[in-house]
Amino acid sequence: MNKWLCNDKKRPVNEPLGQSFYHDATLIEAPVELSSAMTPKGLSHFKLVALIALLYGADVGPVFAQVTTFDFTFNFSKSLTAGANYGVLTGSFTTTGGPTAYVITAMSGTLGGYSTTLLSVGAFAGNDNALTFPANPGYFTEGGVSFVANNIDYNLYYYQGNYTITPTDALNNGAQYTVKSFTKRVPGPVPGAGLWSFGGLCLGGLATRFRLCVATSAIAFRKLSAWLKRLGGASAACA
Amino acid sequence: MNAFQGATTREILASAESATKGQDQSRTISGSGGLALRWASIGSSVPALILYAFLMDARRIAAWAAQTNGPILAESLGKIDFLTLTEWIFILALVAKSDFSAIRLGRFQRVVTTIFVLYAALFVDPLSHVHIIPCLWLAARMAIAPRLWPLCACLLLVSLQRLPNNIFPGGLHAASIFIDAWAAHSLLLIAGYANELQGALLHFVGSPHAIEIHDGCDTLTELPLVVSAFLIFALSRNIRLDRRFVFHLIAATLLLFVANWLRLCAMARSYDDYLFWHDGTGASIVAMTYALIPFLMNDKLAKSQTVARRAA
């Protein structure tokens, strides 16, 4: 049958459907099924899909980074060129990345009692705000992490086995500091993570579906026995 | 007699449409080309897309578990998120029972989604939450079909529940920390253990060991995961949202609070206890408890609703 539908009111009664008529008839074409992409609702869906595809193409997709927090305390050790005791540096870094290489995205705490605010990468003394945990060999690079405290820019970096805080963009300036504590903040237990959770959920499922599990196991056992018997019979026949 | 006498135009067109489709199908299905088209059609259907979203999430869980500093197998197995995998099993079971005839994907949408799935499989970082995109899109499509609302809600919950950013403001976390610390302090006093509470710092009298509760260890951090697990298990089993449902949800939340308070009490005893319950086997046991609370409460809810229905 062709796709043409005749909309002729004067069409003879027994005329088969589908044949076209060119007299006293309005020849109309069977409507092409519109794909749902072209209906108004479909168009909105198409726009949504296109937007999502565009976002992904622009690498703005939802790659949500895992956040890790480190708590630290650094104590003054000795002064270097044009340096002073700036006070205890304590606080926490908020980072992304891992499992060993992180990027510091935020900082909270104090230096000598003045609250600290993280500076962006490259803002002062070539800071890269990179953090390595565990230390290898130090927690920071030579670029270190820069922050502002009491309206003064400081850079905390690791160089030749020492941690230094400096208000100037030069090596061997400022003051050396030692690490009193540097710990990774471990989150609480993640619900459902680990083999204990696996075992617990399996047992929970077994307990709540006990009869079903027994029935399923019985059926499986019967099928296995039947298969083994067939196998035994076949091997006996071959022998 | 004219077979269409008295029929409306819509009925006529619909009949021609179905006849045309039948003719087209009979032309296209035969041969390997038809087989390929059929498989392509199945592969880009709504259930297949949900399956792909599950595979993307499973890949994320595996990639996260594979990031280890020490022995790979031992540490990886300890990081696999079995609760999310269980939720997906329930969701896929619901998908198998659902009727998706109310949602029709056009040819263009099928092509775009297939391209997206291939792109996500080959080029996107395994650790990303890329499964959120198909889940959100399918949930938006299912919103027009009331019979698919439970599945719509399940997809939203399973895709958004593990976003790492804190959804609660800092003030709420501070309140939660205060409540947790005060409750742990009170429970220890009731049990006869003399202890002191200074802000979020809890320590036994005369002990050099103390614990300070941060916002990673308060109950509010675990609450969204447990509640969303409860909702997913309930919605995927077609549980009615009645008084019993609310009661069991509140009970599950309270159990979660009590479990965390007990954990805090245990951690405050000594440094060894802290290591056991915070980083060691104890943490895994607590994680199992957090996972079992919504699972078992849901089963109890289903049974109580069944009993009530039979009694009625």
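These exercises walk through parts of chains A and B.

This is a predicted model, in which local features need pLDDT of at least 70, side-chain atom pairs count only at pLDDT 80 or more, and totals for chains, interfaces and linings use all residues. Residues are numbered from 1 along each chain as its sequence is written, chains are lettered from A and ligands numbered from 1 in the order in which they are written, and side-chain values use heavy atoms, leaving out hydrogens and water.

**Exercise 1.** Describe how helix 7 of chain B packs with helix 8 of chain B.

*Solution.* 
- Step 1: find the helices. They span residues 132-142 and 149-160 of chain B. Helices (H or I, at least four residues) and strands (E, at least two) are DSSP runs, numbered from the N terminus.
- Step 2: take the geometry. The angle is about 160°, and the axes are 9 Å apart. Axes are lines fitted to C-alpha atoms, for helices over the stretch in contact, and angles run from 0 to 180 degrees between N-to-C directions.
- Step 3: list the contact (heavy atoms within 4.5 Å). Helix 7 of chain B contributes residues including Ile132(B), Leu136(B) and Met142(B). Among those from helix 8 of chain B are Trp149(B), Leu155(B) and Ser159(B).

**Exercise 2.** Which strands pair with strand 5 of chain A?

*Solution.* 
- Step 1: start with strand 4 (residues 89-97) of chain A. Nine bridges tie it to strand 5 (residues 101-111) in the antiparallel sense. Thr94(A) stands opposite Ala106(A).
- Step 2: move to strand 7 (residues 130-132) of chain A. Its antiparallel pairing with strand 5 of chain A has three bridges. Tyr102(A) is partnered by Leu131(A).
- Step 3: finish with strand 6 (residues 114-118) of chain A. Here two bridges make the antiparallel pairing. Leu111(A) has Tyr114(A) as its partner.
- Step 4: check the turn. Two residues separate strands 5 and 6 of chain A in their hairpin, and Gly112(A) has a positive phi of about 60°.

Definitions and conventions. Two strands pair if DSSP finds at least two bridges between them.
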